[in-house]
Amino acid sequence: MAQLRARSLLTAKTRVLVVAALFGLGTATALARIAQIGLFDRAPGMRSMTDRLLPPRGELTDRSGAPLARELPAYALWFNPKAFGEGKNASQGAISPLVRTPEEVARALMGVFPDADYADLVQRLKSDRPSYLRRRVLPEDANKIYALGEPALEFPRETERFYPQGSLAAHAVGYVDENGQGHVGMEEVLNARLIDPAQRGQPVALALDMRVQGALEDELGRAMGESNAKGAAGIVLDVETGEVVALASLPAFNPNRGDLAYNALVFNRVSNQVYELGSVVKPITIASAIDAGVVTDLSVRYPSGKPLSIDGRLIHDSHSFGASLNVPEALVHSSNIVTAQVADKLGAPALRQTMLNLGMSERPYIELPARGFPIWPKGNWSRITNMTVSYGHGMAISPLHLACAYAAMVNGGIWRPATLMKVEPGHAVQGRRVFKAATSARMRQLLRMIVEVGTGKKANAVGFRVGGKTGSAEKPGKHGYQKSALIATFAAAFPMDHPRYVVLASIDEPQGTQATSGQRTAAWNAAPAVGRLIPRIGPLLGVVPDAKRDVDISDVAPLVASGDGE
């Protein structure tokens, strides 16, 4: 009996030990797994919480932090034909997911969304396929639809890409489509960064200043209206960093709309359109000649009394400016004849190389995906090609090309690519030298003089020391140049005693109106727009008007008689 009791006790102890061992093994395994998760894995809950805290897409701001694009919570209207479970569509005899008929529900939805397509709604509501009926629904509209009592109409919570500035800077910022992909502007350029979980929590600052952008679009819009023009382009560019402080292409589009894929308004006139820009190119030719030592004495006179005949072609001016002109007078009066003679003396290889150094043969340097390819004379330039390019014909470039060239011409001679990304102090691209510093100093004098006594007088904003050049070029058509279709441009910089910014305004096909005294040229539309703009943006950019300061033009002013050529 005692042996039986001892054997039973041993069996019981063995069982307890086995159970304890199994429990200990399970506990050890669980602890090991917990340790592994803690050391090497992120818990699922932690990942989902992080994802919930991060925006689905990163925010874009201007240089001072003003929001340009951000994510906001939103409702969508979703049709769920399986709201009552699996089954066939009502058209096949099964229970319909709708309380009312598809036609009745569609009519009710039309009362909330008058712009909807009734036939399309009916077709979707009869289908057994789930689909969006509306991508964005206001809360008050969601309440109206909810009151219909249709379980198949659901309101999933989503996020909406919202552009607080509306159409302002739309071509620079771009937009996001319904699938969350960026298009056109920096939304497309930065798409991968903006959706990257590791980076999307940090806003991306662009170089744009919304205060300057608003003023630029306002003045361009006014110039368009006053001249009944079909479009306009403008840019404000920092000459030391290449930062694009403002970029406008008008008419603009509203990125808050979702149907922009085939909208013609998304075309960017600043970076994607190329034009023969006319006389605004003349200062580049003169700068190249001065830099090469071809023009050393500004008082030397060139014949200008009659058209210049070259290889059977005539080069002429808009009207006669006298028997002869020197270089300063040629710029003030905008003489094709004298500029062509200077280019001929300089030679085609030298002028061509200057244009190459300024990036004129390539797409403009900027992050934007929409960048037009210039119409560039290929091979070695003939004598007549060199002469026509010298005054802005025979070569088509974008306004952005021209703005970067003017920046190099006035900033001491350094060309830099334009950028829409904010540049921190001391981190500007080094760039490349195109002109000598002395050449740049001389061009600042000549450009200032054009605004004081020449075609740019209507841009002479008091105290801001504006310098610049007008250009009004006929647009080419199927049968040659169209005398009725001009592209009118004014390219300027300020303040010319220490240039900070290039400002360019280009008006597409302006008409002679009462507001422009019947004139279509840049002196009457683009130059006045810049003249109004600079006093608005100067103080915002740290340029305080000072009527006591100016560029010293005492050595060139006596060479020029006042005039208003184009």
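Visitor: Let's start with helix 12 and helix 14. At what angle do they pack, and how far apart are their axes?
Guide: In this predicted model, helix 12 (residues 336–346) and helix 14 (residues 383–390) pack at an angle of about 130°. Their axes lie 8 Å apart.

Visitor: Which word describes how helix 12 and helix 14 are placed to each other, then?
Guide: Oblique: that is the class for the pair. An angle would have to be over 145 degrees to count as roughly antiparallel.

Visitor: Is the crossing of helix 12 and helix 14 left-handed or right-handed?
Guide: Helix 12 and helix 14 make a right-handed crossing. On the helix 12 side, T339, A340, Q341, A343 and D344 make the contact. Helix 14 brings R383, N386, M387 and S390 to meet them.

Visitor: And how do the residues of that contact of helix 12 with helix 14 divide?
Guide: There are four polar, three nonpolar and two charged residues where helix 12 touches helix 14.

Visitor: Okay, on to helix 10. At what angle does helix 10 cross helix 12?
Guide: Helix 10 (residues 282–291) and helix 12 cross at roughly 35°, and their axes come within 10 Å. The crossing of this pair is left-handed.

Visitor: Which residues of helix 10 and helix 12 meet there?
Guide: From helix 10 you have K282, T285, I286, S288 and A289. Their partners in helix 12 are N336, T339, V342, A343 and L346. Sorted by class, the contact of helix 10 with helix 12 holds five nonpolar, four polar and one charged residues.

Visitor: Why would you call helix 10 largely enclosed by the rest of the structure?
Guide: Because ten of the ten residues of helix 10 are buried. Among them are K282 and D291, along with P283, I284 and I290.

Visitor: What happens to the backbone just after helix 10?
Guide: G293 sits there with a positive phi of about 80°.

Visitor: What is N268 in contact with?
Guide: Leaving out neighbours within four places in sequence, N268 contacts H171, L247, S249, Q273 and L368.

Visitor: New topic: where is F155 found?
Guide: You'll find F155 in the loop between strand 4 (153–154) and strand 5 (157–162). Beyond its neighbours within four places in sequence, F155 is in contact with Y75, A76, L77, A142, I145 and Y146.

Visitor: Last one, zooming out. How many helices and strands does the chain have?
Guide: The chain has 17 helices and 19 strands. Of its 566 residues, 49% are buried. Among contacts in the chain with a separation of 6 or more, 71% join residues 24 or more positions apart. The accessible surface comes to about 26,200 Å², and 55% of that belongs to carbon and sulfur atoms.

Key:
Residues numbered from 1 in each chain as written. Predicted model: local features only at pLDDT ≥ 70, side-chain atom pairs only at ≥ 80, totals over all residues. Heavy atoms only, no water. Axes fitted to C-alpha atoms, helices over the stretch in contact; angles between N-to-C directions. Helix = DSSP H or I, 4+ residues; strand = E, 2+ residues; numbered from the N terminus. Parallel < 35°, antiparallel > 145°, perpendicular 65-115°, else oblique. Left-handed = near helix turned anticlockwise from the far one by under 90°. Contact = heavy atoms within 4.5 Å. Nonpolar A, V, L, I, M, F, W, Y, C, P; charged D, E, K, R; others polar. Buried < 20%, exposed > 50% of the residue type's maximum accessible area, 1.4 Å probe, protein only. Areas by Shrake-Rupley, 256 points an atom, 1.4 Å probe, with all protein chains shown as cover.
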